[in-house]
Amino acid sequence: MPIDVYMTQLSPTMTEGKIVRWLKKEGEELVSGEVMAEVETDKATMEMEVVDEGILHKILQPEGSVVAVGTPIAVIAEDDEEIPADYMPEGLTDAPAEQVAASPEVATPEQVVETLAAAQTVGQENIAEDDEHELKLKPAGVFNADGEYDVVVIGAGPGGYVAAIRAAQLGLKTACIESTHLGGICLNWGCIPTKALLRTAELINVIQHSGDELGLGISKTKPDLKKAVARSRKISAKLNGGIGFLFKKNKIEHIEGFASFESDNKLMVKDSDGNSKQVTAKHVIVATGARARAFPGMDVDEKVIITYKQALAPKALPKELVVIGSGAIGMEFAYFYNAMGSNVTVIEAAPQILPLEDHEISKVVDRSFKKNGIKIITNAMVSSAKNVKGKAVVEYKVKDKAQTISGDVCLVAVGVLGNTDAIGAENTAMKIERNQIEVDDYYRTDHAGVYAIGDVVGAPALAHVASHEGIVCVEAIHGGTPHPVDYGNVPGCTYCQPQVGSCGKTEQQCKDEGIDVKIGRMAYATNGKALGLAETEGMVKTIFDAETGELLGAHIVGAEATELIVALQLARTLETTEAELMHHMFPHPTLSEMIHESVLDSQGQAIHI
């Protein structure tokens with residue numbers, strides 16, 4: 001009897017495949033193990049081998065067809081077998097009833113292909129419906145059906161400006177409303193200027209710790225705070241202008257002012273002179289970002305009790321600096337000010353600094369900071385931070401014992417708070433809790449046609465997350481079905497020295513979830529490139545599922561960790577196993593070789609340990 005050939009699932013996530021090329025022709029003999037066709041999947045182009053031997057009677061899906069998994073693609077006949085003209089492969093019961101009823105008693109090959117195509121369409125629609133259910137989407141809709149713009153973005157930070165550019169690329173008439181600086185906090189008062197300052201700190205430490213060893217002939221520096229800050233501001237200004245250029249290039253209108261929602265689906269914009277005008281849009285994306293958080297008792301006055309914004313442009317170097325919070329912001333400023341000459345104390349409520357990082361990674365940074373003279377106090381609950389006669393006075397408890405520390409300046413770095421207060425959210429159906437707007441996987445809010453992305457929807461409050469969310473949001477608005485953001489594989493980066501880069505689960509998270517793991521480690525101390533760079537502080541740690549070989553987490557602390565982590569994050573995206581990483585050839589001499597050795601170590605096969 002005839003043998004039906006179906007589109008096989010060639011990868012774990014494959015739902016459909018494109019037939020790139022048939023390597024066998026109708027009438028040709030099929031031998032087990034031979035390659036019958038090449039299929040392009042969501043992973044790569046793969047070969048479909050012959051399983052059932054016989055004669056290739058009929059190809060039902062031509063080259064170029066995109067076919068759902070489980071759909072018949074060909075019919076095989078056994079030797080000398082005659083197949084009835086009305087033969088229909090199994091699996092066509094999903095075809096629309098009216099099409100089945102209308103089918104003639106004897107079908108031509110063309111009619112078979114047509115019927116299969118109809119069935120495939122139905123199958124893809126079902127898959128789309130299943131995907132929508134899994135995506136947990138809110139109802140779609142428009143904000144203003146008669147909108148002048150297809151998309152208006154409120155905020156031009158890394159989420160907002162990227163969303164605006166992507167919308168314009170897709171042919172949507174786009175405007176972006178921004179009251180102050182293009183690029184938002186990240187470009188103007190966060191990521192970019194901070195990294196410029198940290199470069200100064202890095203070079204100071206290289207000279208002080210390794211100047212003689214490197215043959216530089218110097219081991220002392222004379223840091224110039226004013227020049228370092230001026231350089232960082234210059235870089236921000238340059239990139240700010242670059243975003244303006246990109247807006248013009250993509251024909252995006254920049255509307256200056258503060259936007260707010262009003263009743264009856266009105267969006268109003270007030271400029272710096274107090275003039276208001278209405279802006280109409282079919283879709284509105286809220287990308288208003290966040291501001292520094294301060295807990296009760298932390299009296300920020302922006303002079304003595306400050307946030308990151310004042311820390312980026314200090315008028316003078318504080319002799320004594322107290323930093324509350326040891327996340328990325330707190331640790332980076334602690335590192336910078338210590339390098340410039342301040343005496344720095346870091347206070348953290350959690351048992352370890354960098355609370356979200358793997359415990360071993362945290363220990364390396366803790367050790368390094370203390371070696372550089374930074375005082376670290378953990379398990380400390382701050383009750384107040386106040387300006388007392390021009391001095392920063394911080395009160396805290398450790399094991400219920402009240403203590404006090406004072407300094408010239410106190411930096412409050414305990415997270416951020418979404419900017420939802422002044423956007424007129426009360427005139428919409430958006431759900432907001434603790435300054436976070438509730439959204440679905442495509443960033444729809446509960447108000448039809450209104451979306452939200454970036455820090456304003458909650459953690460992780462990272463620039464690259466906001467940008468990614470913006471692209472997913474806009475592509476969904478355009479009618480696509482983009483992959484939702486994988487929040488389990490967000491790269492975390494801290495740019496002090498030693499740098500920290502991580503993705504996936506920590507060792508403790510795996511223990512808490514009862515996952516049996518294999519862990520590999522490789523130290524910087526014995527890596528040839530690290531020795532050459534005089535950067536021997538740090539390690540690479542990889543965590544694999546002991547049963548499946550899945551890379552569950554990767555953690556790097558040391559020189560260029562924020563660059564190195566991308567390779568392991570990409571490996572997780574591609575669902576790479578330890579076997580593939582073990583067999584991959586890494587260049588020598590590089591820091592990346594430590595990734596290889598760490599993976600090998602997890603299997604007890606490390607060469608250089």
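Analyst: Let us begin with a definition: a residue is buried under 20% relative accessible area, exposed over 50%, and partly exposed in between. Lys 505, at 25% relative accessibility, therefore counts as partly exposed. Please bear in mind that this is a predicted model.

User: What does the chain contain as a whole, and how much of it is buried?

Analyst: The secondary structure comprises 15 helices and 33 strands. Of the 609 residues in the chain, 48% are buried. The C-alpha atoms fill a box of roughly 100 × 70 × 45 Å along the principal axes.

User: Which parts of the chain does the salt bridge between Lys 282 and Asp 150 tie together?

Analyst: The closest N and O atoms of Lys 282 and Asp 150 are 3.6 Å apart. Lys 282 belongs to strand β15 and Asp 150 to strand β9, so the bridge ties together parts that are 132 residues apart in sequence. Asp 150 is buried, with a relative accessible area of 19%, whereas Lys 282 is partly exposed at 29%.

User: Which elements hold Glu 332 and Lys 195?

Analyst: These two residues form a salt bridge with closest N and O atoms 3.3 Å apart. Glu 332 lies in helix α8 and Lys 195 in helix α5, so this pair ties together parts that are 137 residues apart in sequence. Glu 332 is buried, with a relative accessible area of 7%; Lys 195 is partly exposed, with 24%. Salt bridges can also be linked in a network, as they are for Asp 358, Glu 360, Glu 507, Lys 511, Arg 521 and Lys 541.

User: How many aromatic pairs are found, and how is the geometry of a pair read?

Analyst: One considers the ring centres and the angle between the planes: over 60 degrees counts as edge-to-face. The whole structure has 4 aromatic pairs. The ring centres of Phe 336 and Tyr 337 are 5.2 Å apart and their planes stand at 80 degrees, so the pair is edge-to-face. Both Phe 336 and Tyr 337 are buried, and together with Phe 333 they form one aromatic cluster.

User: What should I look for in the backbone?

Analyst: Most residues other than glycine have a negative phi, and most peptide bonds are trans. Asp 264 has a positive phi, near 60 degrees, and is found in the loop between β12 and β13. Lys 389 also has a positive phi, about 55 degrees, and sits in the loop between β21 and β22. Asp 264 is exposed, with a relative accessible area of 67%, and Lys 389 is exposed, with 85%. As for cis peptide bonds, one joins Ala 459 and Pro 460, with omega about 0 degrees, and another runs from His 588 to Pro 589, with omega near -5 degrees.

User: Which residues form the negative surface patch?

Analyst: The patch is formed by Glu 29, Asp 52, Glu 53, Glu 78, Asp 79 and Asp 80. Glu 78 lies in the loop between β8 and α1 and is partly exposed, with a relative accessible area of 40%.

How values were computed:
Residues numbered from 1 in each chain as written. Predicted model: local features only at pLDDT ≥ 70, side-chain atom pairs only at ≥ 80, totals over all residues. Heavy atoms only, no water. Patch = residues over 30% accessible without salt bridge, like charges linked within 9 Å, V, L, I, M, F, W, Y side chains within 5 Å. Areas by Shrake-Rupley, 256 points an atom, 1.4 Å probe, with all protein chains shown as cover. Salt bridge = Lys/Arg side-chain N within 4 Å of Asp/Glu carboxyl O. Lys, Arg positive; Asp, Glu negative; His and termini not counted. Charge placed at Lys NZ, Arg CZ, Asp CG, Glu CD. Helix = DSSP H or I, 4+ residues; strand = E, 2+ residues; numbered from the N terminus. Buried < 20%, exposed > 50% of the residue type's maximum accessible area, 1.4 Å probe, protein only. Phe/Tyr/Trp six-rings, centres within 6.5 Å; stacked < 30°, edge-to-face > 60°.
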